[in-house]
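Keep the structure open as you read.

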Amino acid sequence: NTFLQTNGVYDNLKLSLGVDPSISVERKQINNKKDKSFFGGTRIVNRNYEIKLKNNRNSTVKIYLEDRIPISQNDEIKVEEQEYGKASYNEKTGLLSWDFSLLAKESKTFMFSYEVRYPKKREVNLN
């Protein structure tokens with residue numbers, strides 16, 4: 001049970017009705033490569049991700065998909081070489097978004113990647 005405020009006639013209301021078992025989503029990390037720079041003072045971490053969606057319904061569905069690229073708040077840590085295809089990217093928040101329709105029985109794959117450079121003396125958690 002819930003109470004809905006109805007006096008805002010022109011406002012939007014977003015409701016989550018839970019997971020739709022007819023839409024399958026798989027997100028996996030393609031690689032987790034760590035390197036050192038030529039002089040050895042910098043660590044380089046490359047991350048590549050793949051997101052696969054499949055519409056198992058007999059009708060078209062509208063999908064809004066979000067993921068995120070990390071944003072550094074430390075001058076010693078740099079996030080570079082970002083690839084995100086046709087996604088909308090907000091540089092301030094690192095948010096990637098895709099807004100599209102998925103036809104009946106259709107599958108789509110989206111990929112994105114980034115590189116993080118930081119001094120080897122620093123500890124960086126990218127999980």
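**Strands and salt bridges**

R27 counts as partly exposed, at 46% relative accessibility. The classes are set by relative accessible area: buried is under 20%, exposed is over 50%, and partly exposed lies in between (1.4 Å probe, protein chains only). This is a predicted model, in which local features need pLDDT of at least 70, side-chain atom pairs count only at pLDDT 80 or more, and totals for chains, interfaces and linings use all residues. Residues are numbered from 1 along each chain as its sequence is written, and side-chain values use heavy atoms, with hydrogens and water left out.

Start with the fold. The chain has zero helices and seven strands. From the N terminus, the order reads β-β-β-β-β-β-β. Helices (H or I, at least four residues) and strands (E, at least two) are DSSP runs, numbered from the N terminus. Of the 127 residues in the chain, 27% are buried. The accessible surface is about 9,800 Å², and carbon and sulfur atoms hold 46% of it. These areas come from the Shrake-Rupley method with a 1.4 Å probe; for residues, only the protein chains shown count as cover.

Now look at contacts, meaning heavy atoms within 4.5 Å. Take those in the chain between residues at least 6 apart in sequence: 70% join residues at least 24 apart.

Which charged pairs tie separate parts together? A salt bridge needs a side-chain nitrogen of Lys or Arg within 4 Å of a carboxyl oxygen of Asp or Glu. The whole structure holds nine salt bridges. One of them pairs R27 with D67, with the closest N and O atoms 2.7 Å apart. R27 sits in strand β1 (residues 23-36) and D67 in strand β3 (residues 61-68), so this pair ties together parts 40 residues apart in sequence. D67 counts as buried, at 14% relative accessibility.

Next comes E76, which forms a salt bridge with K121; the closest N and O atoms are 3.6 Å apart. E76 lies in the loop between β3 and β4 (78-83), and K121 in the segment after β7 (107-119), so the pair ties together parts 45 residues apart in sequence. E76 is partly exposed at 35% relative accessibility. K121 is exposed at 68%.

R117 and E80 also meet through their side chains, in a salt bridge of 2.8 Å, N to O. Strand β7 carries R117 and strand β4 carries E80, so parts 37 residues apart in sequence are tied together. R117 is partly exposed at 27% relative accessibility. E80 is partly exposed too, with a relative accessible area of 29%. Finally, salt bridges with shared partners join K28, E50 and K52 into one network.
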